[in-house]
Amino acid sequence: MSNPIEHVVVVGGGSAGWLTAAILAVEHPRLTVTLVESPGVPPIGVGEGTWPSMRETLQRIGVSEAAFFRECDAAFKQGSRFDRWVDGSDADVYFHPFSLPQGYGDANLAAAWQHGHRDVPFADLVSYQPHLCQQGRAPKQPQTPEYAGVANYGYHLDAGKFGAFLQKHCTEQLRVRHVLAHVVDIISTDAGDATGDIQALRTREAGVVEGDLFVDCTGMASLLLGRHYGVPFVSQRDVLFNDRALAVQVPYPAHDAPIASQTTSTAQSCGWIWDIGLPARRGIGYVYSSAHCTDDAAEQTLRAYLSATGIEGDIPAPRKIAFDPGYRARFWERNVVAIGLSAGFIEPLEASALALVELSAAWLADDLPATRAQMDTIAARFNEAFTYRWERIIDFLKLHYVLSRRTDSAYWLDHRAARTQSPRLRELLALWRTRAPSRRDFPRIEEIFPSASWQYILYGMGFRPEFSGRASDLPDAAAQYFREAARLTARMLPLLPANRAMLDHIRDYGMPAP
């Protein structure tokens, strides 16, 4: 049990596998990292949105941001826009920007907004970023160095190209060994006993691949954690109903068409439609509940949206993706860690999938056990932390639904039913009737969503608390921060280029070094 951890085997490629391999290889130069990938297995390819954390991840593994933009057909993402989530009307729009409100934490912005500006959307009052998105502005200028920004940003990207980009970087720059082979058997330290450590993988094309620690990135198949060890799956179908997606890629009507600066999520009768702008195309998909909608009806809804947003002519048949929303009861079992879809999947609202990959891979690299004897202690800590993170993600996504006033289908009525909400979320909503979400509600150092994000969704969805007024509210300071947000908006709009113009500049000229 005191054997050193010298060889990590990542099973499965795609964004999860290659990001994990890259972070491990960079953080542990003496570690042998092997990635085993079945040839000819295409990625799911719908994880096209990231958080700003991806900038730190790419910089950490030594990637040129300009090369990333060029090779992954990437674009800027400055947050999310939600259409028709509150009451379904044309005017029903709000933003969840990536930038924190001006002066957040220094004054009670929510109370000042509620008392004096409640007719103005909360995010529009406290942040410049919704206005940048509305005007299609980029978050940086041509002279801004790589990975720096005038405004906070993440990315939209082509998931298939991203995986290939990471593979090239890992194998050419980071010494990651790439084995193209089908796994046909798992060899345990205790022959015939699935409770023992995994000693090696038997593959069809490359023989036996041994390792000290194995990372399961085999997608929804969860070959090691789920199939081999039988770690139970904790379904969330009774909380978040969506279990199907129809995805399609469509061209722009013209080569110089504007590129959206945010993910747009438009609520429908039985789900919602994502709309993501890349330089060469749009990625669009309908996420819906099979318990509330047939596949044929879902496709009709998607096609109606495409037509309404300017997509004309022949539309390709959408790709259907089925999934069970939920996560594994444990993510680290014996000497196996699951990262990515093998650990779980919840609908792509708020783009948490790639963020969880980053967080999991970074945790593994930063807390990698030196020996097998340390592994169980670190595994228990990992499991506790990521169970907490999955639960917080589920509550945060559910918040988008429980406050809706839509009554056009059983889907929305069921989402508001108390039986489909966690006790923790119900308690927080009751608490927030008289106070704003704060850091005290989310006390961990590395919370998955900051309290500011909860405020953006809460007040964007029309939640109107009754604040009693406290000396610490500092309404004059809050008013000053509102004016500061307005000044920043007025200054940034004429100075920042359009999204497409900035992306064209990066393609042709690159960006200054960081």
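Two strands pair if DSSP finds at least two bridges between them. Helices (H or I, at least four residues) and strands (E, at least two) are DSSP runs, numbered from the N terminus. This is a predicted model: local features need pLDDT of at least 70, side-chain atom pairs count only at pLDDT 80 or more, and totals for chains, interfaces and linings use all residues. Residue numbers start from 1 along each chain as its sequence is written, and side-chain values use heavy atoms, without hydrogens or water.

**The sheet**

Select β5, β4, β14, β15, β16, β13 and β17. In that order, these seven strands form an open sheet with mixed pairing. β5 (93–97) and β17 (319–322) are the edges; each has a single partner strand, so one side of each lacks a neighbour in the sheet.

Next, pick β13 (residues 244–250). Four bridges join β13 to β17, and the two run antiparallel. Find Leu 246: opposite it, in β17, stands Lys 320.

**Helix α7**

Move to residues 159–173. This is α7, with 15 residues. Show Ala 159, Phe 162, Gly 163, Phe 165, Leu 166, His 169 and Cys 170: these are buried (under 20% relative accessible area, 1.4 Å probe, protein chains only). They cover an arc of only 160° around the axis, which puts them on the same side of α7. The arc is taken from the directions from the helix axis to the C-beta atoms. Their cover includes α1 (14–27), α2 (53–60) and α3 (65–71).

Arg 175 follows α7 and has a positive phi, near 65°.

Definitions and conventions. Expected span 1.5 Å × (residues − 1). Buried < 20%, exposed > 50% of the residue type's maximum accessible area, 1.4 Å probe, protein only. Contact = heavy atoms within 4.5 Å.
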